[in-house]
Protein chains: 2
Amino acid sequence: MAKEMPRSPLAPDHFPDLPVVDGVRFATTAAGVVYSDRTDVMLAVMDPGTAVAGVFTKSSTRSAPVLDCQVKIGGPSDAGAAILVNSGNANAFTGHYGQTSVAELTAAIAATTDVPLNRVFTASTGVIGEPMKHDRIVDKLLELSDNLSTDAIRDAAQAIMTTDTFAKGAGTQVLIDGKPITIAGIAKGSGMIAPDMATMLVYIFTDAKVSQSSLQSVLARLADKTFNCITVDSDTSTSDTLMLCATGASGVDATENDDFADALHGVMLDLAHQVVRDGEGATKFVEIRVTGAANDADAKTHAMTIANSPLVKTAIAGEDPNWGRVVMAIGKSGAVADRDLISIWFGDVLVADKGWVSPDYDEAEAAEHMKDQSLRIRTDFGLGNGETTVWTCDFTHGYIEINADYRS
Amino acid sequence: MAKEMPRSPLAPDHFPDLPVVDGVRFATTAAGVVYSDRTDVMLAVMDPGTAVAGVFTKSSTRSAPVLDCQVKIGGPSDAGAAILVNSGNANAFTGHYGQTSVAELTAAIAATTDVPLNRVFTASTGVIGEPMKHDRIVDKLLELSDNLSTDAIRDAAQAIMTTDTFAKGAGTQVLIDGKPITIAGIAKGSGMIAPDMATMLVYIFTDAKVSQSSLQSVLARLADKTFNCITVDSDTSTSDTLMLCATGASGVDATENDDFADALHGVMLDLAHQVVRDGEGATKFVEIRVTGAANDADAKTHAMTIANSPLVKTAIAGEDPNWGRVVMAIGKSGAVADRDLISIWFGDVLVADKGWVSPDYDEAEAAEHMKDQSLRIRTDFGLGNGETTVWTCDFTHGYIEINADYRS
């Protein structure tokens with residue numbers, strides 16, 4: 001394993017005070033799957049009536065637990081549900097052994113928690129290609145089941161960390177038709193990726209009552225505006241998982257409700273930003289805004305190409321307002337651009353104006369903005385109404401140190 | 001500018017002894033376009049009867065000289081031709097000023113060399129977005145024209161360097177129908193990219209007689225197997241240029257000749273490998289071979305995704321046979337893969353066999369291969385006959401140092 005890294009300079013001061021979500025209980029334990037000195041398994045059990053939605057990695061080499069979850073998502077919501085996550089081993093690229101491992105683990109969870117097998121979801125995050133010692137988790141299931149508690153979500157956030165430098169959580173309470181509902185979620189990920197293919201996992205819970213199909217569609221739609229708009233280094237994991245569980249315990253129906261969607265969006269964006277803030281080696285949090293593109297898809301292509309460019313990211317690490325590298329990234333993106341209509345801002349400083357350096361550009365002003373810990377780069381294409389915002393971090397010696405200097 | 005970097009550990013021992021190509025003369029000078037203490041302009045003048053072919057960057061923000069060259073390529077070949085290249089300023093993203101700069105410079109070259117304006121090609125490599133002081137080059141044209149010599153190709157290779165740590169050249173002589181022809185070429189580029197958007201430029205000369213259309217088609221075909229198969233960091237420059245000039249001075253017709261194409265392929269591959277060997281911060285030269293893909297296009301997508309993955313490249317820097325990261329890269333590439341048919345070799349060591357770690361895998365053996373300066377990673381997909389080979393380098397602290405630590 002990589003050596004322990006110091007807490008990210010972009011980390012929030014402390015883990016937030018998350019509201020309790022009725023109908024969800026958590027327990028954690030140290031099963032010693034790989035790590036020996038910390039908790040590495042979390043179990044969440046939801047009451048009957050819970051709807052579960054999920055969005056998963058599109059990787060063609062995705063993990064055995066992901067394949068199992070994808071089959072089960074969309075099942076009946078009158079039963080309860082259970083989610084078990086372990087850190088240390090990803091159970092990916094483990095062939096038929098991996099599938100057997102998931103089958104035995106989920107069967108044991110169903111038997112222990114009395115949740116139907118088709119409502120038991122798992123995720124594994126850590127080393128790829130090694131058989132997982134799932135027996136060590138099975139041995140702990142009774143203990144986990146006995147210790148379930150409504151207020152252990154922070155422990156859960158800690159148990160699923162791999163190379164994360166801080167536990168990630170976000171939550172909110174909103175009124176739907178005058179009645180309060182609660183949303184709380186946790187995430188892990190030190191970017192899209194981490195040493196040994198640790199991955200991004202996100203679990204969000206609410207006591208709102210939402211139909212399964214509506215829950216799935218709002219989750220997929222908001223994932224495109226939050227978790228699908230962040231990147232640390234362009235590498236995509238084999239286990240990315242985002243799940244949303246609606247217990248309905250509040251009795252408040254939030255199906256197709258805009259206030260619910262807005263509140264959920266806020267929680268998801270907060271968690272997505274925390275993942276970027278824990279990007280490997282990150283020292284800068286960067287918002288890339290694109291406007292005036294031919295369409296939204298082109299805007300996303302341009303924005304992600306800028307956000308993933310090693311040259312742009314190293315310039316940001318060097319606090320260098322090197323807008324030529326933004327021009328380069330736009331040029332290679334493949335999306336439509338007219339060189340003589342492109343304008344670029346660093347913070348509020350207009351750097352390039354319709355195809356050339358702005359006549360009023362003062363590099364000292366732009367350089368001053370680059371010293372901030374949170375940066376904004378905006379590009380306008382002057383072509384249409386396509387727009388997007390994505391978030392990334394800089395590319396530093398810390399990234400090389402984490403991923404190259406220490407043998408896994 | 002970045003501080004001067006030490007010569008790449010992957011550099012060849014010395015610049016090769018290149019054969020003289022009849023019909024081509026070179027001159028270089030220190031015009032002080034940006035650099036003050038070195039040659040920064042090369043002029044090559046070809047005799048009447050020379051055919052000129054070219055392949056250029058597809059960037060939508062490509063430089064003014066590239067746009068000018070693209071219009072002229074394919075013109076009549078009974079005239080001579082001239083190529084002028086400067087380093088220090090890229091003349092890219094410079095709007096109408098950039099076009100005027102090219103127009104004035106090419107007109108002055110035509111007047112000085114007696115080559116028709118539509119046969120005068122230029123390239124500029126260096127900083128983006130700053131007006132180019134082309135007058136400084138115009139002032140030196142008479143001197144350059146007076147000093148043209150058939151044996152100054154090494155000086156030419158040096159004059160076009162920016163952050164390259166060594167000058168790059170390759171050449172060969174082959175028999176076509178029993179008669180000798182000569183090929184010699186030079187390249188610059190510290191990868192696809194370098195600080196301030198310096199770029200890859202390649203100029204190859206031959207005394208074979210080849211029709212313009214045949215020259216263009218063989219160049220484009222071989223570019224796809226050589227320069228389009230290398231990557232240092234996935235960033236694409238605004239000025240990439242590859243030109244091939246056939247003077248015909250040998251009197252040997254090599255139009256549609258396979259021996260000529262083979263010899264040219266060898267020179268192009270040699271130059272392409274030298275560019276990778278001078279990749280920013282590179283300490284390992286890496287061949288990525290893909291076989292058994294559904295088709296050649298899928299093979300290229302998988303190979304380039306592996307070659308561009310920051311996680312794969314940092315693992316190589318760390319001499320870590322981390323095959324899980326290769327699996328990850330395959331998974332995200334978007335090309336077809338069946339997890340349970342994938343096999344992976346590091347050097348000659350079979351690491352993963354049809355979807356899982358090989359039963360005979362000995363990590364110590366793979367780790368031994370990773371210590372070499374030249375590495376081979378092979379992936380077989382078991383799907384079809386698609387195959388390709390691409391080349392890249394590792395991703396090290398040196399890259400961050402060059403691109404982030406020193407302000408441009």
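This report describes selected features of chains A and B in a predicted model.

**Domains of chain A**

The domain assignment divides chain A into domain 1, covering 24-277, and domain 2, covering 285-405. Taken over C-alpha atoms, the centres of domain 1 of chain A and domain 2 of chain A are separated by 33 Å.

**A helix pair in chain A**

Helix 1 of chain A comprises residues 64-72 and helix 2 of chain A residues 95-113; their axes come within 8 Å and cross at roughly 60°. Angles of 65 to 115 degrees count as roughly perpendicular and those under 35 degrees as roughly parallel, and helix 1 of chain A and helix 2 of chain A are therefore oblique to each other. The crossing of helix 1 of chain A with helix 2 of chain A is right-handed. On the side of helix 1 of chain A, the contact is made by Ala64(A), Pro65(A) and Asp68(A). Helix 2 of chain A contributes Gly98(A), Gln99(A), Ser101(A), Val102(A) and Thr106(A) to this contact.

**An open sheet in chain B**

In chain B, 4 strands form an open sheet with mixed pairing, in the order 1-2-4-5. Strand 1 (24-29) and strand 5 (120-127) of chain B each have a single partner strand and stand at the edges, so one side of each is left without a neighbour in the sheet. From one strand to the next, the twist averages 10°. Within this sheet, Val45(B) has Ala82(B) in strand 4 of chain B as its bridge partner. Helix 2 of chain B, residues 95-113, lies across strand 2, strand 4 and strand 5 of chain B. The direction of helix 2 of chain B is at about 135° to strand 5 of chain B.

**Strand pairings in chain B**

Strands of a sheet pair through backbone hydrogen bonds, either parallel or antiparallel.

| Strand of chain B | Partner strand of chain B | Bridges and direction |
|---|---|---|
| Strand 2 (residues 41-46) | Strand 4 (residues 81-89) | 6 bridges, antiparallel |
| Strand 9 (residues 230-231) | Strand 15 | 2 bridges, parallel |
| Strand 11 (residues 285-293) | Strand 15 | 7 bridges, antiparallel |

**Strand 15 of chain B**

Strand 15 of chain B spans residues 386-393 and is mostly covered, with 6 of its 8 residues buried. Strand 15 of chain B is joined to strand 9 of chain B in parallel and to strand 11 of chain B in antiparallel fashion. Thr392(B) of strand 15 of chain B stands opposite Thr231(B), and Val286(B) also stands opposite Thr392(B).

Technical notes: Residues numbered from 1 in each chain as written. Chains lettered and ligands numbered in written order. Predicted model: local features only at pLDDT ≥ 70, side-chain atom pairs only at ≥ 80, totals over all residues. Domains from an automatic or database assignment. Buried ≥ 20, exposed ≤ 12 C-beta atoms within 10 Å, placed from the backbone. Pairing = 2+ DSSP bridges. Axes fitted to C-alpha atoms, helices over the stretch in contact; angles between N-to-C directions. Contact = placed C-beta atoms within 7 Å. Parallel < 35°, antiparallel > 145°, perpendicular 65-115°, else oblique. Left-handed = near helix turned anticlockwise from the far one by under 90°.
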